[in-house]
Amino acid sequence: MRLFPAALLLAALCWVAFPGMAHAHAVADGDKGYIQEITGVHILPFIYLGAKHMVTGYDHILFLLGVIFFLYRMKDIGIYVSLFAIGHSATMLAGVFFNFGINSYIIDAIIGFSIVYKALDNLGAFQRWFGFQPDTRAATLIFGFCHGLGLASKIIDYEISPDGLLPNLLAFNVGVETGQLLALGAILIAMGYWRRTASFLKHAYTANVLMMTGGFVLVGFQLTGYFVS
């Protein structure tokens, strides 16, 4: 249990040193201006923006890391990642196209909770605490919906032009899924090397505690922003 104070201290220092990390689903100022100013269909730029968002979206990457942490078969990895992609795509596309979203602080707090949930699941906490195992596939799909809704809420705030909206959204989603595959590939390569070492099982607990801590800090930051804004 001594890992928890150290993890909390590490996370707090990271948030002080890099405050921009706390803004989940953030879009760079230059990209935000581009989205607000253009009209018409722009397929390649939106593919690029979608891929950039996913590759730089630490909340997505942490959740994906948690999902595949103890998955060894490519079939299982494909199922879980596909469920996340379906959920993420559905709410992102529907949310922007039909103009519905959730307060950014609230949805980002839920996204932080998804990271906490997955880390606790990896640590076997639910079995020990409650004596049952939640349906991990259903949880992955549900949290995929939440991640997509978080992005939709941000895009709605940027007042994207309705001219060419659907093609641009579809292109953005293609970019997001492309970026997800790139991020997942990097994670799998790193995990593959780590799993072949004796340190994997030894430090798996620590890694999930750090992941959980990052999720808790994100939840706390977003709820604080909600109440003081």
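**Close-up views of a predicted model**

**View 1. Lys-154 forms a salt bridge with Asp-108, with 3.3 Å between the closest N and O atoms.** Because Lys-154 belongs to helix α8 (residues 136-157) and Asp-108 to helix α6, the pair ties together parts that are 46 residues apart in sequence. Lys-154 and Asp-108 are both buried (under 20% relative accessible area, with exposed meaning over 50% and partly exposed in between; 1.4 Å probe, protein chains only). A salt bridge here is a side-chain nitrogen of Lys or Arg within 4 Å of a carboxyl oxygen of Asp or Glu; helices are DSSP runs (H or I, at least four residues) numbered from the N terminus. The model is predicted: local features need pLDDT of at least 70 and side-chain atom pairs pLDDT 80 or more, while totals for chains, interfaces and linings use all residues. Residues are numbered from 1 along each chain as its sequence is written, and side-chain values use heavy atoms, without hydrogens and water.

View 2. Asp-121 is buried at 9% relative accessibility, as is Lys-118 at 7%.

**View 3. Asp-76 and Arg-73 meet in a salt bridge through their side chains.** The N to O distance is 3.1 Å. Asp-76 is buried, with a relative accessible area of 16%, whereas Arg-73 is exposed at 53%. The whole structure holds 3 salt bridges.

Terms used
Helices (H or I, at least four residues) and strands (E, at least two) are DSSP runs, numbered from the N terminus.
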